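This note sets out several points on the model for a colleague's review. Please read each one beside the sequence and the coordinates.

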Amino acid sequence: MSKRRLKESCGVSAECISQVQQLLRERFCHHSSAPDKLFGLEQQYRYLLELLKRTTLQGESNSALLIGPRGSGKSTVLNRALKNLKETKQVKETLLEVHLNGKWSSIAQFHVWFQQFRLLQTNDKVALKEITRQLQLENVVGDKVFGSFAENLAFLLEALRKGDRSSSRPVLFVLDEFDLFVHHKNQTLLYNLLDVSQSAQTPVTVLGLTCRQDILELLEKRVKSRFSHRQIYLLNSFDFKQYMKIFKEKLSLPAEFPDESFAQKWNDNVQHLSEDKAVQDVLQNLFHHTKDLRSLHVLLMLAVSTVTVQQPLLTAAQLQEASRHHRNDSRANIVHGLSVLEICLIIAMKHLNEVYDGAPFNFQMVYNEFQKFIQRKAHSMYNFEKPVVMKAFEHLLQLELVKPLERPCARAQREYLLMRLLLDNKQIMDALQLYPNCPTDVKQWAASSLSWL
Amino acid sequence: TPRNATPEIPRRSHAAQKPASVLEEARLRLHVSAVPESLPCREEEFQDIYNFVESKLIDGTGGCMYISGVPGTGKTATVHEVIRCLQQAAESDELPPFQFVEINGMKLTDPHQAYVQILEFLTGQKVTATHAAVLLAKLFSTPGPKRKTTVLIVDELDLLWTRKQNVMYNLFDWPTQKHSKLIILAIANTMDLPERIMMNRVASRLGLTRMSFQPYTYKQLQQIISSRLKGVKAFEEDAIQLVSRKVAALSGDARRCLDICRRATEICEFARQKGAPDMVRMAHVTEAIEEMFSSPHINAIRNASLHEQIFLKAILAEFRRAGVEEATVQQVYQQHVALCRIEGIPSPTVSDTMAVCSRLGACRLLLLEANDKYLHMRVRLNLSQDDVLFALREQ
């Protein structure tokens, strides 16, 4: 649709809608773009801010771990604290930052967060080069680090040893996915960083971010002794009332939105939505499954994408639709796309599972079960040749609805490979209910497993 | 490496702040890095090591000493103190002059790099590991009339282990040679390291001069804190005692003790902003101890979402039914659906349950198999059933 036609169709301009879309998309997709508000994380934020302040201003060495489930706002809190801290010029000139990630971080996070490259630090060698590069030590030429692994380590340690508390710039090491650093050989990098933080050298602060609760048990004893056991836990410790508040906050437009009257209308609508019973049900359902705010973002994102010029305000129906998309059972969707023969095979497997109490089966058993069904039925419209049935079975295998117990080797015949069905009974029955044009006798056969024996 | 690169961290443009209050002063002194001139409670060990090195220095012979103890008992600090005292004595001509070299197994990328570092300390040459080994062997085996004694500290000795143990063998073989004048102080954590991982010929060269550092008792820990806080009135006596008793009961690690005290001053400072007096009390210390030692699992479960909690309950139910502490997701899912029916909540789809399961697995409340088995993936609890019950009940 062209822009002009859009404008004519409704009172709200297309630009306005696109601004809303852009603003909210940025909010939901870039978790890092400094959030307006921290929900229930004030205490952790203050702790972290104090810690970083002492590091930069007094040159105190520290180490701490931020622990919390995925999506609980670990990086958000850290970014917020760093942003706040760097507002003063003095700090900005003082603090050196090194960001390391245990694994590849997505391109999107890459640019927005620190305009610095974060690379795959899969072993200490790469991590060390990255540290040297980010610190811009003197063995860095351009963007390349020279020297062997051993030389790099010696060089870095020497550099850190020469510094002291009051005269050198403090260094902040942020180790994202901290648990992956634990698996490096001998935990050399962790030992050295923590050792520097515990000795009178360059002031460093080591911050680890992880979602594992048992992280301390993974550290070697001497590494653990050097870690100062400051653990900051981020648990989504809000209840549903606060969750509703977060929902409102996330969906509202800010005061500096250009079209004020529309922003007012939008925010009123959000307020109205939050009191709607249907919306509350949708949110309650999501809240019961996960308190992760990222899931909420995905849901809202799906809903906001459906906002158009024709329908500029979000409705409860749109949210419900989004929730349906969000909470779809993926396996059931696959079953909907199968042919009747494949469905029949799945039902045969389900019966085998029920009769033999979940024991593994092979193609021959499934085929026999299927044959029994056809023989009982007078008109055998599903009387396919065995190769055709085999083909259908292999299709199920490709979709991973069926999985062999062990890797298939060349010697074993395909008919006699032991398999398991990767579907639950409930899933099969639910899918059958929704299956378009399901033959009645197949439905009956599915419902009654034992009567056919 | 570019030639003549100087390893250095940039200097700061603004001077670091000086401690402004009593608590900040205390925090500065309590930092682990603020090692005192002489370590309290380690006088005996200090004397033993000092005598050992001194006698070897005077005789002009070589020798080895093996020092062991759990982390945080002051091994490295004591050895450094010994070296410092010896250097002072050598400067005032009471002892013959000596060289001092230190390597740390953890700071090497490979055991063979030890040769490179030692050679660089001694002669300033930078060569490859194999070449360095040859040069060092030559250096220690040929008589040099004017050679000074070398004191070599090998920290984290167990990291120098290789399959053939040639690094350890060489290190302990050099002092036995007539002209080497090499004194080695080897430091590691375990007491029986020579018997456990070393070959006989290596262990025999290490010799029997051994010393083990015992974990600190609560009185010693108390003394350590008090000595650091001398002249600063920031802590109540009882608070110090509580920290020392707690830490001594757990590990006897002095680092832990100092960290807790430091955290306690922060908590106290925070409370002071609300107008409380200026002294670390029992309450602050208790809070710090809680923070550092408490198990996070219970809290994690209490803050989990409803279906995550039901999933844990379903696991318990399934364990009780089967009598085995392991179940497949499918079995747990059936229990989960049943529990939802009892509670009157709409039961989740399999996809949702799998998501719940993997979330719990990511926090390591559960131990999971590889994900590709889908419904047949086996699940196990990573904490005791009692803990789960306790966490779920109190609501």
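This is a predicted model: local features need pLDDT of at least 70, side-chain atom pairs count only at pLDDT 80 or more; totals for chains, interfaces and linings use all residues.

1. Helix α10 (residues 188–197) of chain A is mostly covered, since ten of its ten residues are buried. Its buried residues are T188(A), L189(A), L190(A), Y191(A), N192(A), L193(A), L194(A), D195(A), V196(A) and S197(A). Buried denotes a relative accessible area under 20%, exposed over 50%, and partly exposed the range in between (1.4 Å probe, protein chains only). Helices (H or I, at least four residues) and strands (E, at least two) are DSSP runs numbered from the N terminus.

2. Residues are numbered from 1 along each chain as its sequence is written, chains are lettered from A and ligands numbered from 1 in the order in which they are written, and side-chain values use heavy atoms, with hydrogens and water left out.

3. Concerning the chain as a whole, chain A holds 23 helices and nine strands. It has 453 residues, of which 55% count as buried. Among the contacts in chain A with a separation of 6 or more, 73% come from residues 24 or more positions apart; contact means heavy atoms within 4.5 Å.

4. How do α7 and α8 of chain A pack? Helix α7 (residues 124–135) and helix α8 (residues 149–162) meet at an angle of about 45 degrees, with their axes 10 Å apart. α7(A) is therefore oblique to α8(A). Angles under 35 degrees count as roughly parallel, over 145 as roughly antiparallel, 65 to 115 as roughly perpendicular and the rest as oblique. Axes are lines fitted to C-alpha atoms, for helices over the stretch in contact, and angles run from 0 to 180 degrees between N-to-C directions.

5. The contact of this pair involves D124(A), K125(A), L128(A), K129(A), I131(A) and L135(A) from α7(A), and F149(A), N152(A), L153(A) and L156(A) from α8(A). By class, six of the residues in the contact are nonpolar, one is polar and three are charged. Ala, Val, Leu, Ile, Met, Phe, Trp, Tyr, Cys and Pro count as nonpolar, Asp, Glu, Lys and Arg as charged, and the others, Gly among them, as polar.

6. T55(A) lies in helix α3 (residues 42–58) of chain A and is buried, its relative accessible area being 1%. Its side chain reaches the backbone oxygen of L51(A) at 2.9 Å. Leaving aside neighbours within four places in sequence, T55(A) is in contact with E60(A), N62(A), P170(A) and T205(A).

7. Q21(A), in helix α2 (residues 14–29) of chain A, counts as buried at 10% relative accessibility. The C-alpha atoms of Q21(A) and S305(A) are separated by 7.2 Å, although the two residues are 284 residues apart along the chain. Not counting residues up to four places away in sequence, Q21(A) touches V304(A), S305(A) and V307(A).

8. Two residues other than glycine have positive phi values. For E177(A), phi is near 55 degrees; this residue sits in the loop between β5 (171–176) and α9 (178–181) of chain A and is buried at 14% relative accessible area. For E400(A), phi is near 60 degrees; its place is the loop between α21 (386–398) and β8 (402–404) of chain A, and at 38% relative accessibility E400(A) counts as partly exposed.

Terms used
A polar contact is a pair of N or O atoms within 3.5 Å; within protein, one must be able to donate a hydrogen and the other to accept it, and residues adjacent in sequence count only if both atoms are side-chain atoms.
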